[in-house]
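Please keep the structure open while you read.

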Amino acid sequence: MNELAPFAAAPKKAQGPALDEVERAIGAAKRALLDKQRPDGHFVFELEADVSIPAEYILYRHFLGDLPPPALEEKIGRYLRRQQSAIHDGWPLLHGDKFNLSSSVKAYFALKVIGDSVDAPHMQRARASILAHGGAAQANVFTRALLATYGIVPWRAVPVMPIEIMLLPEWFPFHLSKVSYWARTVLVPLMVVMNLKGRACNPRGVGLDELFIVPPQEVRRWAAAPQKSFPWTGIFAGIDHVLRFAEPYFPERLRKSALAKAAAFVTERLNGEDGLGAIFPAMINSIFMYHLLGYPEDHPNVVVARRSVENLLVIKDDEAYCQPCVSPVWDTALMSHALMEAGGTDIETPVARALAWLRPLQVLDVAGDWAVKRPDAPPGGWAFQYANAHYPDLDDTAVVVLAMDRAGKSLASIPSSEYAASIERAQQWVEAMQSRNGGFGAFDADNDHTYLNYIPFADHGALLDPPTEDVTARCISMLAQLGETPQTNPHLARAVDYLLAEQQKDGSWYGRWGINYIYGTWSALCALNAVGSDHKSTAIRNAVGWLKAIQNDDGGWGEDGNSYALDYKGYEKAPSTASQTAWALLGLMAAGEVADPAVAKGMSYLLGTQGGDGSWHEESFTGTGFPRVFYLRYHGYSKFFPLWALARFRNLTRSNHPELHVGM
């Protein structure tokens, strides 16, 4: 249990916003969102990352020598130019954030490939900024691998990843089952590219010598990972040195066998038009792999893989960009929660249609990569995307189950038994996926071989999928809402113990998949409320105190990517956002604080920032792909989370017993 001293008691009830004003805002937000439902019942909003993804799309097409239509190139060029910072002249990982070297190198390269003159003012400014930060030689490993395929840097700029890794036994210290799903799907085809020393067609013959302080061929010390650990960093550096010398002498027979196994791995998981792993980097690497292995352009695998990438494009009248993936299951499940919270007769049919769309997407017949660690568990999860059968995740599964269970208990049009079979199968899978320490990861169990984050190739520090507080909290919420208790369910008891043990000294919880401690604290407070924790307990009072202490003067809450810094020392003030304000409010209300002045101020912030179209707009990225490396802007977050918070405030304020009886 957390033994920290609790914060001071909450002040007396303050006058909140008028409920009729809240009701009008709920109605406007609900109408705006119902218009977004697709004909088949699902919801999906744009999912935007930093400029690396659209830049890599351009470079992928030029790698193959199959140039995009000029109109599409120009639209992506406009998008890239608009994202350039007016402060530091480069490109950040998050909107309005500090310079990032790797994304800046990719954006500059893509613009040059599109046809922007190196003498254009924006290119001159970008180049000066890149050089001021050490030049392209200091870019991360994946950027250097991309540059190596264009012949811009030598292959020695990239740490060694022999294709023979495919043949290693499971007990070996490095094995594919020991790294995350995203690492597997990205690395396997990339290792083929590296082994075959793939070379881009580059029909316009574009180079980047001007981005290097010394010529790339003369560079002897390439950028090292920001995270270091004794003795692993030194050990792996030595192994890389030995492999670099020995790799050319590996037997050809083993190499051919490993290449064939890599191709088979990719083909088995190709996933139709949804693509390998349903994520952009894995998709384009699979296409590069097939290209270098000599597959013809009309081969079915090549055709479907290329189509999967094109499906990620967002093309507008004046701009275009490429999404890193799509989020229909996540969006549809969260939208169902927000609509059920909003209530009214007009939500019954949309929610029923949304859940009916979700039901057949449950993975019941594929034992994915997770089954290596849990071979006896029956499949039963949902994936994040339209299809990704080998890689369902626990977060999506928990949120879908919570929505189905809530609908069966609260909507007259949905019998309580409607989704019983789906829920039971999902619960079995979730419980089986619990890790040894009681927590839950996103896609795998016990994916916590931390030493692997220090191999030279893993300079992003995100090679693993260990248990995290936010996913664990969601699984706790699911089990508790289904009627399980820590006294009767050992999985739930261990998960609660894990969650309490992971609380930070300041009262917050880490958020792996959303920025950051606000997201994690909201998730944890919902979970603790769901299992019946006393709202006066030390853990909950400390969390409430932290949320109230970091509230901005405008009544909202905000947090940025700096909270993922390796030397994080505590919360740093950031501008308020609608989504993070909603998370903080939902967390406070789960802890019984609906009448607190902080909640009233937060509600006023949401009411004051709602747009004329009924929704909220934020350019900030509040989703996380990989901490410190890759962030996400879920375009739906600023729309359905504020609706959810406003509706919950109304519901609890009107109630004679203002307690939350759902998991989230």
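Start with a charge and a ring: arginine 269 lies over the face of phenylalanine 265, at 3.8 Å from the ring centre. You can find a second case at tryptophan 513, where the charged end of arginine 512 sits over the ring, 3.8 Å from its centre. Keep in mind that this is a predicted model.

Now turn to rings that meet other rings. A pair of aromatic rings is described by the distance of the centres and the angle of the planes. With centres within 6.5 Å counting as a pair, the model has 35 aromatic pairs. Here are two of them, both involving tyrosine 519:

| Pair | Centre distance | Plane angle | Arrangement |
|---|---|---|---|
| Tyrosine 519 and tryptophan 522 | 5.5 Å | 70 degrees | edge-to-face |
| Tyrosine 519 and tryptophan 583 | 4.8 Å | 75 degrees | edge-to-face |

Why is the pair of tyrosine 519 and tryptophan 522 called edge-to-face? Their planes stand at 70 degrees, and an angle over 60 degrees counts as edge-to-face.

Where do these partners sit along the chain? Tyrosine 519 and tryptophan 522 share helix 18 (residues 517–530), 3 residues apart, which is about one turn of the helix. Tryptophan 583, in contrast, belongs to helix 20 (residues 578–590), 64 residues from tyrosine 519, and this pair links distant parts of the chain.

Are these residues buried or exposed? Tyrosine 519 is buried, with a relative accessible area of 0%. Tryptophan 522 is buried at 1%, and tryptophan 583 is buried at 0%.

Finally, these residues are part of one aromatic cluster, whose members include Phe45, Phe384, Tyr519, Trp522, Trp583 and Trp644.

How values were computed:
Residues are numbered from 1 along each chain as its sequence is written. This is a predicted model: local features need pLDDT of at least 70, side-chain atom pairs count only at pLDDT 80 or more; totals for chains, interfaces and linings use all residues. Side-chain values use heavy atoms; hydrogens and water are left out. Rings of Phe, Tyr and Trp (its six-membered ring) pair if their centres lie within 6.5 Å; planes under 30 degrees apart count as stacked, over 60 as edge-to-face and the rest as tilted. Helices (H or I, at least four residues) and strands (E, at least two) are DSSP runs, numbered from the N terminus. Buried means under 20% relative accessible area, exposed over 50%, partly exposed in between (1.4 Å probe, protein chains only). A charge sits over a ring if NZ of Lys or CZ of Arg is within 6 Å of the ring centre and within 35 degrees of the ring normal.
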